[in-house]
Every structure is written in C-alpha cells, then in structure tokens.
Amino acid sequence: MKASSLGLLAVAAVLFLGTACATIATPKGWSGPLAVDGAVLISSKNNITAVSPDTFVRLWTFPDDKRFPEDEDIKLDGIYGTPVTAAGVVYFGAYNGDVYALDLEAGRPLWAQAFQTDGPVIGGVALGQDILYAASDDGILYAIDPESGVERDRFDAGESIWATPLATEGAVYVATMDGELYALDPATLDPLWSGPFQAGAGLVSTPLLAGDTILIGGMDRELHAINAASGREVWSFKADNWFWTQPLVADGVVYAGSLDGNVYALALSSGDPIWPEPFAAAKAVRAAPILVGGTLVVADGKGNIYGLDPATGALRWGSLETPISLGGDVLGHPALLGTEVLFTTQGGTLFRINPQDGSLQRVTLQT
Amino acid sequence: MSQHINLPGQIDRAAQIARSGNMPLVVVIGAIIFAIIVAMAIGVNPWDALFINPLINILIFINNICFDNFGIAIILFTLLMRLVTLPLTVRQFQSTKAMQEVQPQMQELQKKYKDPKRRQEETLKLYREAGINPLGCLFPMLIQLPIWFALYRALVIMVGGTPESLLNLSQRIYPWSYLNESLPLEQHFLWLNLGRADATFLLPILVGITTYVTQKLTTASSTAAANPQQQQMTSMMNWMVPLMFTWITLTVPSGLGLYWVVSNIASVGISFLVYGRRISWRQMLLPVPAATVTGRRPRPTKPETTKLPSEPQPVEASIPTPPEPEERSDYERRRRRRRGKRKNR
C-alpha cells in the first residue's frame, strides 16, 4: 500500500472521528423565566412549562404529547425570546418559525393553528394595543391578531430580525441584523422616521425605551441612545465586544452588560461612565442585569452570579476568584418573583437567588 | 538494475536537497510547538488561539473583501491555502514520484531477500541512498490535518446559523470593526447552505469524484510496476478513500465539502504541473489501476535479465532514469522514429 493512500485513509479516519465528536451546533434556546400571576414560565429546548410560584409544582407543559397526541408533531427547536402574557394568554415565538398563543391556565393552544413565519423566531414577541408583533429571521415584522392568530399586517425590513421588537403607545421599534432600526406606526406599520437609524453592524439586543430615548446595542460593539421621535443618535458608548443584552435603566443610569464580560453603568443623558471602572465578570454577559432591593444582580454567560453596588459597581456578594455558579450557561434574562431573582440555565433548570446575600436554591420541579 | 548506479554526485545532491527541504518544515513545526507552550503558559487554549480563531478572522476578512459572499471566500481561502502549502504538496508529489522510480528495485529486493528483516534493511538502505523519505507522502498530508480540523470547527462556528453559534463567534473575533460589519455571515451559496450538510447529495458526490481523481493521480503510475497484491490494495484504496470522504461530507457543513472539492481540483492542477503529463480521463475512470495518467511511457522492466547488486547501489531519486542498454536501442529507435515522423510533417 502506498504511503499517500495510507495517509489519505488515516486523514479520513481521523476526520471521521473528529466530526463524530463535534457535530453541527443545534439551537437550544435561552429564554429566561417569566413570573406572572399564578405561574412561573420556564422554557427549555422543546417545551415551555408553567409551575406554581409557591410550590413549584408543574402546572402544565406545552407541547405535551403524552397527554395530547396532537402535540406529537410540534417541535419548537428552542425558545430564545422571553414569552409575554396578557389577559390570561401566553404568547411566544419559537425557533421552528411559529408563534403560539396558549391558555395560561391550561397550557393549550388558543389559535386554530400556530402562526407561521418563514424563518426562525429568535427575538421575542411584543404586545401592543390589541396587536401582537412577532419578528422573524425572514426579515418580516408581523402584526398578528392576538385572539385569532390571523395576520393583520406586515413590515418587510429586508434583512433578518433577531432582536425582540419593542411596542410602545406611539410606535413599534424593530431592529435588523443589517444594523437598521425602524420606528413604525403601530396600526399601519408605516415608517415614522424619515429613514431608519443605521448602526455599524447588526442590532441584536432587545431595545428599551427610557423617557424619549431608545437604547439598543449591537454587533458594532456600541450601545446606541437614539431619540425616539427623530431617530437621531444622542450618544453611543463603545465596548470591546457586542452588546447583546437588554439594558436596564434606573435613576437616570443605564446598566448594560456586554459580551466583553463587562457591565457598564452610563449616564442616560450623556452616555458617560458612572462607575470608576466597569465591573468585569468572568465571562461574556448576555443576561440583562436586574436591580432588586438596592443590589444590581448580574449573571455572566457561564452562570456565575454577582451582586453589585449600583452606585459604584463594587461587589456586594459573589467573588471573581470563586464566583457563585449556577453550574450552567445563563443567557436569558432574569425575572423577579417577590423579593427573589429567578434565573434559568440553558436547558431550563430554575434557580432562586436571594439578592441580599446571593444565596441560591436550585428548584426541583414537582409533578 | 545497474542503470541506477550512474551519478554518485546526484545521490549526495538528492540527500542535500532532502535535508535542506526539511529545514523550513522543522522551523515551522518548532515555532508551532513554541507558540503552543506559550499559549498554555498564559492560560489560553492553544487550539483556539493558534488555529481556529486566526482562521475565523482570516475567513471573515476574505468574506468582506469578497462582497459578503462566504462561498467565494471559502474558494479563495482554499486556493490561498493550496498556494501556501504548495511546497509541501510539491514535495509530496515528488516523493511519490521518487517512490515510483525505485519500484523496480523494490520488487527485486522483495524477490531476492526472503528474510523480512533483511528485506526491510535493504529497503531502507535503498530509500536512504535514493534520498527518499518513505513518509514523504504522508507527512505533508498530516501537516494539513490541523487546518482541516480547524476549518471544520471554524465553519461550524461561523455559519452554524444558530444564536449559540453567533454568540460563540463573538468571543473569537479580533477587535477590529471591519470584521463585525458583515456578521452574521451569509450562509447560502449556489444551492448550498454552507452551515449545513448538503441534503441534495450533489456536493458529497462531487467530493467523492474529485477525491477519486486525486487519488488516482497519485497512485496510477506506480501500480503498473507494483505486484498484484499491491495493485489490489491500491485499487481498494482508490475506492475506499473517496467513499469515506463522501460519507463524511454527508455529515459536515457544506462549507467544508466546498473546501475539499476546490482543494482536490487544485491538487489535480498541481499534479499536472509537477508530473507534466496529460490526464487520460477514460483510463482514469477505469476501476482497474493501470499506468493511466502518464504521458510518459512506463519503463519496461525485465526482471529475468536484471542483475541486482548484492550491495545496493546508489539510485537516482528524482531525475528520470535512462533506459537500460538493451532497452536503450529500442528506446532510441522509437525516438528516432518519432523524430522522423515530426520531420515528415
């Protein structure tokens, strides 16, 4: 046998082993928990589960093919955006491209069939005045009748949409992976600005309205503050990596985590840093920060949690050397349940955190 | 085979070339080992820091200058890689060629020495004197192995298409705004989704065909001189390797399959340049190996008249050997005949 043939065979064998070990990444979903009246909603790759907020007993799971054979064909493929609720209905979009409306009490679909888009729904959905907005990777923002699940209108942005749309009284804001942010009329979906705001790269984070300022981060490594009425940039702040989290605004201060692993505190009016130094977490920060009882609770992508002084950014609890770890990736936003903070790791394990001292409890769901 | 004992100076020269040819390789490998040690010392994953991340950033850069067409970027990258590794590839082909040159002597050794140990000693001596590294064909391929692995991992991360992939990608991009502009990368190229395996089977088939052709090019001319057992083995390999690559392509991102197809085509081109021969596609596609692709006539061997020296003699490694005296007359006759034909034209 020739050495070259032997070599090629060896290469093929090693490649075979290598590819067997490292397969193509599949979507898992990273939606955070949602606490509403009477239920806490937890998402995992292929289902969404409601548990009692008091006892953490499982109330229902969707899809549930054991109880409902018709659910057998439903494959969600991951939920990335946090669900929204209104009037006893849960709305969410899934990576399979469908938008669902479930009865919050029973967990059963309310629409005759799920609303189908032509691409994965990666951002969440947003509720406006009797309209549900869902943005899809197909580049279209859909306005859906929340009762029937029928499409009312659509806006074609022409580029993938990964950011959750933001619905306010006067406008719907939708950002694209091409770096454009549109302000649309909530009823007609006609553009309100003379032209979209253009960032240097894709806009992925969920926008936030603070006063008359829209805050949105992007893959250009900048957090943009944009005038909500005109679409003009007021200020921008550059980090060392992308902003892919929803910022938090409290008392005129913007708290924003970045994939560079830092949490920044900036003045809402000017974008100037408030803290002497940004807080440096061990890993990239994708989950939004949350302010509870005077403590800013932050989780990094590897599930390390920290309690910070919102005024200075100093650690109140947690440690950089030996951080408090949830033992899994935390990429979804936290939720507040009473005085506790809820985090879920990717995969759907729920944790309750005491924001005063960082003590945590892993929740075992009761059936 | 006394015809190979002709120019002793050439043996020294071949050995010298072989030694000097190894130097850049040794330097590169030494530098890589040093970089790995440094990366580990500062707590960085050397595989990511030295292979995958640079590859990702280079590919994104090429993608940006290719008008955000990632398929074209992969093709351009492949051609660049082939250009960079051209010395290795040429050495691989030359090594293969040199191995082919000593096939007749190898056969004689196998006939003469029945004792496996002695036969092995004599074979190694033959290789040494001919300035041939028996692993010369294997080594360049192994050198490219990390590139293939890194490319595979890079493609999975770059065009995985999932939010998790993009998040992972964000941790690997160098802090240069230009690199972020085109993200996420366009995954579609021709009929392919570069981040997914090709469901149409067209790309795996193309990979199989091009691998088969490449394989045939590197093995064909040697098999004529090989014994039946070797021929059978080579024939089996000629089918098995392409089938394995076809199967692998069914499971990996199409971008990697695209890399293999372009790389194989480039390999055919390089082979053509090195061997300087025309490809007989009719014979190429025949399953039975034969001296198919060479425009040069296979050297006739006459084992019954060949005298193998008891002490192996120096062998000319890379320079084509002239025919034996008794063949020379026949050879000269044919040459004269050809020249005569040309003149008549």
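**Exercise 1.** What is the mean pLDDT of chain B, and what share of its residues reach 70 or more? Locate stretches of chain B where the pLDDT is below 50.

*Solution.* The model is predicted. Step one: the mean pLDDT of chain B is 70, and 64% of its residues reach 70 or more. Step two: residues 1-20 of chain B have pLDDT below 50. In the model this stretch makes 33 contacts beyond near neighbours in sequence. Step three: residues 288-332 of chain B also stay under 50, and the model gives them 90 contacts beyond four places in sequence. Step four: for the model as a whole, the scores are ipTM 0.88 and pTM 0.74.

**Exercise 2.** Determine how many residues of helix α8 of chain B are buried, and name them.

*Solution.* Step one: the helix spans residues 163-170. Step two: apply the cut-off of 20 or more other C-beta atoms within 10 Å. Seven of the eight residues are buried, so by this cut-off α8 of chain B is mostly covered. Step three: the buried residues are B:Pro163, B:Glu164, B:Ser165, B:Leu166, B:Leu167, B:Leu169 and B:Ser170.

**Exercise 3.** Work out the strand order of the open four-stranded sheet in chain A, then describe how β23 and β24 pair.

*Solution.* Step one: the order is β21-β22-β23-β24, with antiparallel pairing. Step two: β21 (248-250) and β24 (279-280) are the edge strands, each pairing on one side only. Step three: β23 of chain A covers residues 262-267 and is joined to β24 of that chain by two bridges in the antiparallel sense. Step four: A:Val263 stands opposite A:Phe279, a residue of β24.

Conventions:
Residues are numbered from 1 along each chain as its sequence is written. Chains are lettered from A and ligands numbered from 1 in the order in which they are written. This is a predicted model: local features need pLDDT of at least 70, side-chain atom pairs count only at pLDDT 80 or more; totals for chains, interfaces and linings use all residues. pLDDT is the predictor's confidence in each residue, from 0 to 100. Two residues are in contact if their C-beta atoms, placed from the backbone, lie within 7 Å. A residue is buried if 20 or more other C-beta atoms lie within 10 Å of its own, exposed if 12 or fewer, and partly exposed in between; C-beta atoms are placed from the backbone. Two strands pair if DSSP finds at least two bridges between them.
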